[in-house]
Amino acid sequence: MATVGSYLATRLAQIGLRHHFVVPGDYNLVLLDKLALNPHLTQVGCANELNCAFSAEGYARAHGAAACVVTFSVGAMSAFDGIGGAYAENLPVILISGSPNTNDAGAFHLLHHTLGTHDFKYQLEMARKVTCAAVVIDRASDAPRLIDHAIRSALLASKPAYIEIPTNLAAAPCAHPGPISAVLAPEKSDPDSLAAAIDVAVSFLGNKLKPMLLAGSKLRAARAEKAFLELAEATGCAVAVMPGSKSFFPEQHPQYIGVYWGDVSTKAANNMIDWSDGILCAGTVFTDYSTVGWTADLKGPQIFTADMDHISVTGYDFSRVLLADFLSGLANKIKYNDATMVEYSRFRPNPTLQPTAEPEATLRRGEVARQVQGILTPNSTLFVETGDSWFNGVQMDLPDGARFEIEMQWGHIGWSVPSSFGYAVGAPNRKTIVMVGDGSFQVTVQEVSQMVRLNLPILIILMNNYGYTIEVEIHDGSYNNIKNWDYAALIETFNAGIDHITQLVEVDSTGDVVAHRQLQEAIHKLQLAVETPFDTSMRLRFQPLQNIVVLIALENGILPSLAARK
Ligand SMILES: C/C(NCc1cnc(C)nc1N)=C(/S)[C@H](O)COP(=O)(O)OP(=O)(O)O
Ligand SMILES: [Mg+2]
C-alpha cells in the first residue's frame, strides 16, 4: 500500500516536478516527511508562505508546473496571495495545505492557527476562489481520485489547484498510484469545431488586404508558442506581441515588429496594428494595463480571437478548439500574404541605442538599462518587476532564446524576487537577471537569503529611487515615501555563516561617486562571479555574499520631490 503523502509525492514526481517549495507547520510536518522520502523530489524551504507561493509560481514559469506546501490557515492565507497571482498569470501551481485532524470538527475542538471557531471549512471555500480545483481529503481511500483530479485540472487549465490533507491522514494507507496517463493524457479538440474554426479563419484572413498576428500571454499556458511560429511563417505577415508575452515570439525573427502596448509600444508596432485590416489575436488578454487605460483595446470586425480553447470572430463562436491545434491547422491552409511586412519595411525604425554615458558621469537609469541590454544572451531570463522596471524591460531587445518574465496581470510588487528564485531552482542552467525597484525589493527580500543558501547565480539590478515612483507619477502623496535601507548591510545579514565569496556590489551615485565604467566592470566581474572565484579586489563598496550578486544602483535622476524624502 502507499500512504496519502507518498501517493502525492509520486504524482508530483510523475508530472515532472523535481522540487517543491515549503514552509513547515504542525499541520503539515508528517506530510513533509512523506514528500521528502521521494527520491525524485527536493524540498526547498522558503522564508514565508507568500514567497513560497511566488517561488512555486516562478518554478512553474521555468518548469511547466509547481507545488508548494504550507500549514493550515496562517500559512495558506498568506499563500493565497501568491496563488492568486498564479491564477491571474495562468500558471499551474498545486497548493497543498495541512489541516486539522478529521475528528477535530466533530469533537468541537477549538484549534490554534484557526479563526477560533468550530468551522474549519473556510480555507477550502477561499481556495475555491483562487484555483480551478480545490479538494479536501476526508478519507484516505478518496486520496488517489481527489489528488489526480486536482493535479489534472491544474495542468489542463494552466491554473492553480488546491489539495487539503488532514494531519492524521498524511501517513494513512491508500492505494498505489495507477498509470500517470490518467493525469497527463492531453485533452483533444473537437474535430468538427476545429475544422470549422479553421475554415472561418482562412476566409477571415484570406479576404483581408493587410492581415497580421498579435501574440498574447496565454500562448505559453496553451503550449502554443511553436504552433504560433508555424502560422506566422506560413502567412509571412507582421507579428507583434503584447507586454505579457514578450519573448514568446523570437525578437530577432524578420517578421517580429515589436511589443504592442498602445502609446508605449516598441518598434512602432502600434502603427502597424492601426494600419492592419485584420488581426488574429492568439492568447491575448486586454486589460486596463495592457491597453494603456483602454486606449488600445482592439475591438471590432477586424479582430479574430483565438483563446486557449475557444475561437471567436463576429458571427462565429467555437468551443473545445485547443489553441495549438487551431494555429497549426490554420498554418497548413492559410494563404501567404506579407503585405504588412512590405509596409513595415518602409518605416521599420532603427534600433534606438541608449548613448553610453560619459566615463565620469554619475549613474542614471538609462545607463543601467543600457548595460543590462549588453549582458543579455540567448541563455538569459530577464525578470522585470512591477514599477519602472516594466518600462526598462519592455524596451530591451532580446536575443533569440532569451526569455522575459513579467507579472502583467497580477502586478504584485515584490513578486520578482521569490519568482526568480523559484525560476532559477527550476532552470539552473539559465542566467537569471532581475530588474526590481526598491519598494518591491523590500516586500519579499527574504528570498535573497534562499538564493544564498542554494548558491544560485542570480543578478539582481535594484533600481533604488527612494520610493514608490510609479505611484508618485500616478498620484503623489506622503504615502509613497519608504524608508531607504542600507542594502549592503542587509545583504551582509543574509551572508551570516556563509564563507563563500560572492559579492553585493553597491554602486552609489552619491557619496562614493562611482562612475558608470565601474558599473560595467562590476557587471562584467559579476558575470565571472558565477563561473570563477570572485576577485575581491573590487574598488566598489561590496559585502561578501554567496554567489549572489545584488547590484544596487542609486538612480541619480530621481524626481526632485523624492530627493527630500531620504
Ligand atoms: C506601491 C506600488 N504599487 C501598488 C501595490 C501595492 N501593493 C502590492 C502588493 N502591489 C502593488 N502593485 C508600486 S508600483 C511602487 O511604485 C513600486 O515601487 P518600486 O518597486 O520602488 O518601483 P518604482 O519606484 O519604479 O515605482
Ligand atoms: Mg522605487
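**How the terms apply**

Author: The accessible surface of the chain comes to about 22000 Å², and 56% of that belongs to carbon and sulfur atoms. Accessible areas come from the Shrake-Rupley method with a 1.4 Å probe, and for residues only the protein chains shown count as cover. This is a predicted model, in which local features need pLDDT of at least 70 and side-chain atom pairs count only at pLDDT 80 or more, while totals for chains, interfaces and linings use all residues. Residues are numbered from 1 along each chain as its sequence is written, chains are lettered from A and ligands numbered from 1 in the order in which they are written, and side-chain values use heavy atoms, with hydrogens and water left out.

Reader: How many helices and strands does the chain have?

Author: There are 22 helices and 22 strands. Both are DSSP runs, numbered from the N terminus: helices (H or I) have at least four residues, strands (E) at least two.

Reader: What share of the residues in the chain is buried?

Author: Of the 566 residues, 58% are buried. Buried means under 20% relative accessible area, exposed means over 50%, and partly exposed lies in between (1.4 Å probe, protein chains only).

Reader: What share of the contacts joins residues at least 24 apart?

Author: The share is 76%, among contacts between residues at least 6 apart in sequence. Contact means heavy atoms within 4.5 Å.

Reader: What makes Glu187 and Arg152 a salt bridge?

Author: Their closest N and O atoms are 3.3 Å apart. The rule asks for a side-chain nitrogen of Lys or Arg within 4 Å of a carboxyl oxygen of Asp or Glu, so the pair qualifies. Glu187 sits in the loop between helix H7 and helix H8, Arg152 in helix H6, and 35 residues separate them. By this rule the chain has 16 salt bridges.

Reader: Why is Glu187 called partly exposed, and why is Arg152 called buried?

Author: Glu187 has 40% relative accessibility, so it falls between the two limits and counts as partly exposed. Arg152 has 19%, so it passes under the limit and counts as buried.

Reader: What parts of the chain does the pair Glu405 and Arg220 tie together?

Author: The side chains of Glu405 and Arg220 meet at 2.8 Å, N to O, in a salt bridge. Glu405 lies in strand E17 and Arg220 in helix H9, so the bridge ties together parts 185 residues apart in sequence. Both residues are buried.

Reader: How do you know that Arg403 forms a salt bridge with Glu225?

Author: The closest N and O atoms are 3.0 Å apart, so the pair meets the rule. Arg403 is in strand E17 and Glu225 in helix H10, 178 residues apart. Arg403 counts as buried at 18% relative accessibility. Glu225 is partly exposed, at 22%. Elsewhere, shared partners join Glu57, Arg61, Glu89, Arg220 and Glu405 into one network of salt bridges.

Reader: Which residues come nearest to ligand 1?

Author: Asp388, Asp438, Gly439, Ser440 and Gly467 do, out of 16 residues around ligand 1. A residue is near a molecule if one of its heavy atoms lies within 4 Å of it. The shell divides into three nonpolar, ten polar and three charged residues.

Reader: Which atom of ligand 1 does the backbone of Gly411 approach?

Author: A backbone N or O atom of Gly411 lies 2.9 Å from a nitrogen atom of ligand 1. A backbone N or O atom of Asp388 is 2.8 Å from an oxygen atom of the ligand. For Gly439, a polar backbone atom also lies 2.8 Å from a ligand oxygen. The protein covers 79% of the 590 Å² of accessible area that ligand 1 has on its own. Helix H17 and helix H19 are the elements that give two or more residues to the shell.

Reader: Why does Thr235 count as buried?

Author: Its relative accessibility is 4%, so Thr235 is under the limit. Thr235 lies in helix H10. A polar atom of its side chain is 3.0 Å from the backbone nitrogen of Cys237. Beyond its neighbours within four places in sequence, Thr235 is in contact with residues including Gln255, Ile334 and Tyr336.

Reader: What makes Ser276 buried?

Author: Ser276 has 8% relative accessibility, so the term applies. Ser276 lies in the loop between helix H11 and strand E12. Its contacts, leaving aside neighbours within four places in sequence, are Lys210, Pro211 and Met212.

Notes
Polar contact = N/O pair within 3.5 Å; in protein donor to acceptor, adjacent residues only side chain to side chain. Nonpolar A, V, L, I, M, F, W, Y, C, P; charged D, E, K, R; others polar.
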